[in-house]
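Student: Could we go through this model together, one question at a time?
Tutor: Gladly! Let's look at it first.

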Amino acid sequence: MQDRPINILAIESSCDETSAAVIRDGKVLSNHIATQQVHERFGGVVPELASRVHMQNIVPVVDAAIKDAGITKADLTAVAFTQSPGLIGSLLVGTCFAKATAQALGIPLIAVHHMQAHVLAHFIDTKPEFPFLCLTVSGGHTQIVLCRDYLDMEVLGETIDDAAGEAFDKVAKMLGLPYPGGPLVDRLAKEGDPHKFRFPVSEMKDYEFSFSGIKTSVLYFLQKERKNDPDFVEKNLKDICASVQYTIIKVLMTKLVKAAKQLGIKQVGIAGGVSANSGLRQALKDAGEQHGWTVYIPKFEYCTDNAAMIGITGYHKYLKGEFADMTVSPSARATWA
Ligand code: KG4
Ligand code: ZN
């Protein structure tokens with residue numbers, strides 16, 4: 001008898017994207033993402049609104065993922081969901097939906113850590129060798145992660161305050177750009193001079209990061225310049241974006257190079273929302289050439305939040321028999337590696 005395929009339904013709802021995917025034997029059959037526009041006018045994610053929109057989106061998004069995969073619910077082998085970290089109300093929607101689906105279908109439930117999933121997004125279409133070093137940069141996290149195996153990871157260092165994505169978004173807000181500002185700063189930076197303005201960075205020990213200093217120095221810089229010229233931002237927008245982006249990337253790459261050298265690792269990748277940044281993607285390629293690394297950069301759709309990465313993580317947990325029981329609850333913060 002031929003083995004039945006392992007079809008995993010994956011659900012991601014940790015922040016402001018409702019996403020569902022179907023993964024068959026580690027390959028993505030479908031990946032649907034509903035982005036919530038409602039937060040734009042507030043300049044950031046409003047948690048209560050996010051959970052309400054997840055409730056509206058989750059049924060159609062899951063249905064679309066299953067239909068698009070060409071299967072029915074009866075073909076599902078297990079349900080994986082983001083259990084932590086994230087906005088608690090948002091996580092609750094995905095968790096409850098996953099638990100109810102698993103119970104109704106009589107199939108196993110798999111709890112996934114969102115940050116581990118960002119790293120495993122690299123294993124959707126490619127297969128880095130272990131040990132693999134990953135810089136995970138998102139709106140809530142900045143981490144250097146050593147991966148010894150699919151589920152054997154260690155966070156070597158992380159930010160002690162703001163995440164890199166947060167720094168992009170907060171600077172964008174100061175510049176009057178809408179949320180999320182990261183992609184807009186990226187676009188404007190392409191036409192700006194990265195060396196026009198200098199912003200001091202905090203020296204951090206080991207593999208730790210700090211981005212609140214950059215944010216504050218940009219704030220004071222803008223206040224000072226606006227006093228002299230109220231149109232300063234308008235006149236220098238592209239150069240400010242390019243200079244801020246250059247500074248953030250330099251901080252990130254300096255630590256990544258240091259970690260790769262100290263550990264002697266040559267398989268290196270970036271993951272998370274900020275890995276969509278064109279400057280960071282180029283900086284990784286350049287560092288790869290300079291240091292003889294094989295570099296890994298996820299496809300755009302697997303950089304920002306998506307359920308395919310939850311599904312690939314769920315698949316490896318399924319193979320190891322790492323299941324959750326029905327008492328599992330979501331957690332806004334959770335230690336992981
Ligand atoms: O991983 P993600 O989708 O959600 C979290 O888990 O936080 O990351 C979202 C973050 C936001 O801060 C967004 O501004 C940033 O990723 N981002 C970017 C770019 N695309 C998304 N930052 C800089 N350049 C980009 N192109
Ligand atoms: Zn994320």
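Student: How far does a polar side-chain atom of Asp169 lie from an oxygen atom of ligand 1?
Tutor: Keep in mind that this is a predicted model. A polar contact needs N or O atoms within 3.5 Å. For the polar side-chain atom of Asp169 and an oxygen atom of ligand 1, the distance is 2.6 Å.

Student: And how much of ligand 1 does the protein bury?
Tutor: Start with the ligand taken alone, which exposes 560 Å². Of that area, the protein buries 89%.

Student: Which residues are the protein donors of the zinc ion (ligand 2)?
Tutor: Follow the spacing along the chain, H-x3-H-x186-D. The donors lie 2.0 to 2.1 Å from the zinc ion. They are His114 (NE2), His118 (NE2) and Asp305 (OD).

Student: Where do His114 and His118 lie, and are they buried or exposed?
Tutor: The two histidines are four residues apart, about one turn of the helix. His114 also has a polar side-chain atom 3.2 Å from an oxygen atom of ligand 1. Both His114 and His118 lie in helix H3, and both are buried.

Conventions. Residues are numbered from 1 along each chain as its sequence is written. Chains are lettered from A and ligands numbered from 1 in the order in which they are written. This is a predicted model: local features need pLDDT of at least 70, side-chain atom pairs count only at pLDDT 80 or more; totals for chains, interfaces and linings use all residues. Side-chain values use heavy atoms; hydrogens and water are left out. A polar contact is a pair of N or O atoms within 3.5 Å; within protein, one must be able to donate a hydrogen and the other to accept it, and residues adjacent in sequence count only if both atoms are side-chain atoms. Accessible areas come from the Shrake-Rupley method with a 1.4 Å probe; for residues, only the protein chains shown count as cover. Donors are N, O and S atoms within 2.8 Å of the metal (3.2 Å for Na, K and Ca); water is not among the atoms, so sites may look incomplete. Buried means under 20% relative accessible area, exposed over 50%, partly exposed in between (1.4 Å probe, protein chains only).
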